[in-house]
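This report examines a protein chain through its sequence and its three-dimensional model. Please keep both in view while reading.

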Amino acid sequence: MYERSIQKLQQEIELAKVDEEQRQRNIVKALEQEVETQRGLTRHQEKRCRMLQLEMEEKLTRTKLIYEEKMRGVMPVSVREELEETIAALKAQSSILEQKANILQSELDTRSKRTTPTRTPTRTPTKTPAGSRNQNRSALKARG
């Protein structure tokens, strides 16, 4: 009688053990599926993050290019001031050179009058544009 009870208890224990093992396998299987689902979601989020990062880098690059294009037309103040100073200096030099040319032309006209007293001068010594000076020089060459 005890043997039968023991045998029955052993069978019940074995059945409970098999049931518990099956339940544990089902839990492990469900957890593995959840892990795979989470891995898939993680991969998807990482891919999305990389895409957003690439889009932001592209947008930044485009913005930089637009900024650089706009800045090409804008000159820094220091460069503009330096160029204005250079232009002023060149204008002053040009004015000085023009005055020297007029003085030299005047001296040339004076010498020309002394060497050929019978001829009348073609111009009076005043400031003349560069084209007139060249015409006077041509006239002097033609006379001599």
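M71 belongs to helix α1, which covers residues 2–72.

## Overall architecture

The protein chain contains three helices and zero strands. Following the sequence, the pattern of elements reads α-α-α.

Of the 144 residues in the protein chain, 7% are buried. The accessible surface of the chain amounts to about 13,200 Å². Carbon and sulfur atoms account for 58% of that surface.

## Confidence of the prediction

For the protein chain, the mean pLDDT is 85, and 81% of the residues reach 70 or more. Where in the protein chain is confidence highest, and where is it lowest? Helix α1 has the highest confidence, with a mean of 94, whereas helix α3 (residues 130–143) has the lowest, with a mean of 53.

These values guide the reading of the model. Where pLDDT is low, predicted coordinates should not be read in detail.

Side chains of opposite charge can pair when their charged atoms come close. With a limit of 4 Å between the side-chain nitrogen and the carboxyl oxygen, the count is four salt bridges. Among them is the pair R23 and E20, whose closest N and O atoms are 2.8 Å apart. Both R23 and E20 lie in helix α1, three residues apart, or about one turn of the helix. R23 is partly exposed, with a relative accessible area of 43%, and E20 is also partly exposed, at 35% relative accessibility.

Another salt bridge joins the side chains of R39 and E36, with an N to O distance of 2.8 Å. R39 and E36 are separated by about one helical turn because they stand three residues apart in helix α1. R39 counts as partly exposed at 46% relative accessibility, and E36 is partly exposed with a relative accessible area of 42%.

## A pair four residues apart

R62 forms a salt bridge with E58, and the closest N and O atoms of this pair are 3.9 Å apart. Why are R62 and E58 separated by about one helical turn? The reason is that R62 and E58 are four residues apart in helix α1. An α-helix has 3.6 residues a turn, so residues three or four places apart point the same way.

The accessibility of R62 is 47%, so R62 counts as partly exposed. E58 is likewise partly exposed, because its relative accessibility is 49%.

## Helix α2

Helix α2 spans residues 77–115 and has 39 residues. From its first C-alpha to its last, helix α2 reaches 57 Å, which is close to the 57 Å expected at 1.5 Å a residue.

Which residues of α2 are buried? They are A101, N102, Q105, D109 and S112.

Conventions:
Residues numbered from 1 in each chain as written. Predicted model: local features only at pLDDT ≥ 70, side-chain atom pairs only at ≥ 80, totals over all residues. Heavy atoms only, no water. Helix = DSSP H or I, 4+ residues; strand = E, 2+ residues; numbered from the N terminus. pLDDT = per-residue confidence, 0-100. Buried < 20%, exposed > 50% of the residue type's maximum accessible area, 1.4 Å probe, protein only. Areas by Shrake-Rupley, 256 points an atom, 1.4 Å probe, with all protein chains shown as cover. Expected span 1.5 Å × (residues − 1).
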